[in-house]
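Reader: I would like to go through the terms used for this model one by one. For each, please set the value against the cut-off.

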Amino acid sequence: MFGSIAAAANLVFAFNSGMLPEIQATIKHPSVKNMQKALSLQFTAGIVPFYAVTFIGYWAYGSSTSSYLLNSVHGAKWIKILANAAAFLQTVISLHICASPMYEFLDTKFGRSNESVYSVRNWIVRVVARGTYLTVTTFVGALLPFLGDFMNISGAVSVIPLTFVLANHMYIKVKGKDLSLLGKTWHWANVWFFAFLSVVAAVAALRFMVIDSTAYHVFADL
């Protein structure tokens, strides 16, 4: 039960990569229609790779498969190299998306707003500040072999509330007077259900963090 609940938070965190087409879509007008098209693409065609890996991996290797599926794959080395390279690139892209707020903070904190963003000093600040941030996060990721548990808690305390709870609550505040009783009931049900899921998923994630911290050592090669 705890595994299923934590997996729900992890799944929401993984689907957070939908921000990339959403951000890109807002660059060109009309931004609302473009964003809707981008998100529709993400949650239709974008769903296929996620579920394909999940179901095919379970079909091929069963429940005993590694959390990193490629550890269980056998066959030609070049296929594993290509798959690992693709996974690495996807991780880098996702990291940059999630790190965008931190990048903005670092650029504002240490950069010079009175100079061009392409000035030598601002270039140096970006390279050093962002490079340091990426180095630290990569080090922590390698240090803690149960980093997936942190993804669970990140999805539980940030992505679920921001994606489902806040969005539905804002919609009620803006459109509340025009909504029917059924519409209000639906949105309030979403607010309370996902708020409850957020709390339960956070508890499940903390439970796994405690269990895994006693089972694994730092820098464990899993």
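**Terms and values**

Author: The protein chain has eight helices and zero strands, where helices (H or I, at least four residues) and strands (E, at least two) are DSSP runs numbered from the N terminus. This is a predicted model, in which local features need pLDDT of at least 70 and side-chain atom pairs count only at pLDDT 80 or more, while totals for chains, interfaces and linings use all residues. Residues are numbered from 1 along each chain as its sequence is written, and side-chain values use heavy atoms, with hydrogens and water left out.

Reader: Why is the pair of phenylalanine 164 and phenylalanine 194 called stacked?

Author: Rings of Phe, Tyr and Trp (its six-membered ring) pair if their centres lie within 6.5 Å; planes under 30 degrees apart count as stacked, over 60 as edge-to-face and the rest as tilted. Phenylalanine 164 and phenylalanine 194 are 4.2 Å centre to centre with 10° between the planes, so the pair is stacked. Phenylalanine 164 lies in helix H7 (residues 147-175) and phenylalanine 194 in helix H8 (residues 181-215), so the pair ties together parts that are 30 residues apart in sequence.

Reader: What makes the pair of phenylalanine 193 and phenylalanine 194 edge-to-face?

Author: The ring centres of phenylalanine 193 and phenylalanine 194 are 5.0 Å apart and the planes stand at 80°, so the pair is edge-to-face. Phe164, Phe193 and Phe194 form one aromatic cluster.

Reader: Is phenylalanine 194 buried or exposed?

Author: Buried means under 20% relative accessible area, exposed over 50%, and partly exposed in between (1.4 Å probe, protein chains only). Phenylalanine 194 has 15% relative accessibility, so it counts as buried. Phenylalanine 164, at 25%, is partly exposed, and phenylalanine 193 is partly exposed at 49%.

Reader: What makes arginine 130 and aspartate 107 a salt bridge?

Author: The term requires a side-chain nitrogen of Lys or Arg within 4 Å of a carboxyl oxygen of Asp or Glu. In arginine 130 and aspartate 107 the closest N and O atoms are 2.6 Å apart, so the pair is a salt bridge. The structure holds one salt bridge. Arginine 130 lies in helix H6 (residues 120-143) and aspartate 107 in helix H5 (residues 77-110), so the pair ties together parts that are 23 residues apart in sequence. Arginine 130 is partly exposed, with a relative accessible area of 25%, as is aspartate 107, with 22%.

Reader: Over which ring does the charged end of arginine 130 sit?

Author: The charged end of arginine 130 sits over the ring of tyrosine 103, 4.5 Å from its centre. The wording applies if NZ of Lys or CZ of Arg is within 6 Å of the ring centre and within 35 degrees of the ring normal. The charged end of arginine 207 sits over the ring of phenylalanine 208, at 5.7 Å from its centre.

Reader: Where does H5 bend?

Author: H5 bends by about 55° at alanine 99, with proline 101 following within four residues. The bend is the angle between axes fitted to the seven residues ending there and the seven starting there. Buried residues in H5 include Ala99 and Tyr103.

Reader: How many residues does the largest nonpolar core have?

Author: The largest nonpolar core has 15 residues, a core being a set of buried Ala, Val, Leu, Ile, Met, Phe, Trp, Tyr and Cys residues joined through side-chain atoms within 4.5 Å. Helix H1 (2-15), H7 and H8 each supply at least two residues of this core, and the largest share, six residues, comes from H8.
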